[in-house]
Amino acid sequence: MMAGLLGAPAFVVSAIVPIATPAIAAPKDAPSKDAPRAPVTLDDLFARLKTAKDDAEARGVAQLIERRLDRSGSDTVDLLASRAAEAMQAKDYPLAVELLDRVTVLEPAWAEGWSRRATAFFLLEDQASALADLHKTLSLEPRHFEAWAALAHIYMASDDKTRALAAFRRAEALYPRMGKVHEAIERLSPDVDGRDL
């Protein structure tokens, strides 16, 4: 068959034997369908949280952020933190604090460890220690919206409305659809900022 094709005009050959055409190159910026997608970063999730279109989407993104923040990177610390959570469920707050003391010593850069210990201190009615741990949490992860909300509640409990409002506003800036935060801001704003005449 090749011998017959050699003498045939080009258009006949191309009709029988497809001519190899160069593949159209995808733009260098466009990811290929087979190329692995870049992992979603914590920064990406915080950006999505700010622009969530409804409460359900915002809740889903917030849960993803919380899961990321829950990772200590240490099996030992994760075990201690889970035992502390069990102690808190059993209302054994002193044991929870003791376990979380170890967590903060083993992983001092893990913001969530400080946040959890702040919760245990708050449940023990030790507001000064809870405040100190929340400030440490926020120094390590300034976008920790739960810590900002907790800080606001502690300030409210001590009737420091100015600081409470500032903390609620920080929480809302990070998580605009965070439940009840907007209501708290609307309730506090007239007392702190003054009422319109």
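**Salt bridges in a predicted model**

The structure holds 11 salt bridges. A salt bridge here is a side-chain nitrogen of Lys or Arg within 4 Å of a carboxyl oxygen of Asp or Glu. This is a predicted model, in which local features need pLDDT of at least 70, side-chain atom pairs count only at pLDDT 80 or more, and totals for chains, interfaces and linings use all residues. Residues are numbered from 1 along each chain as its sequence is written, and side-chain values use heavy atoms, with hydrogens and water left out.

**Around R116**

- R116 and D70 form a salt bridge through their side chains, at 3.0 Å from N to O.
- This pair joins distant parts of the chain, 46 residues apart. R116 sits in helix 7 (residues 111–123), while D70 lies in the loop between helix 4 (55–69) and helix 5 (75–89).
- Helices are DSSP runs of H or I with at least four residues, numbered from the N terminus.
- D70 counts as partly exposed because its relative accessibility is 33%; the term covers values between buried (under 20% relative accessible area) and exposed (over 50%), with a 1.4 Å probe and protein chains only.
- R116 also forms a salt bridge with E112, where the closest N and O atoms are 3.5 Å apart.
- E112 and R116 both belong to helix 7, 4 residues apart, or about one turn of the helix.
- E112 is buried, as its relative accessible area is 12%.

**Other salt bridges**

- R163 pairs with D160 in a salt bridge, with 3.7 Å between the closest N and O atoms.
- R163 is partly exposed at 49% relative accessibility. D160 is partly exposed too, with a relative accessible area of 24%.
- A network of salt bridges links D43, E141 and R143.

Key. Helix = DSSP H or I, 4+ residues; strand = E, 2+ residues; numbered from the N terminus.
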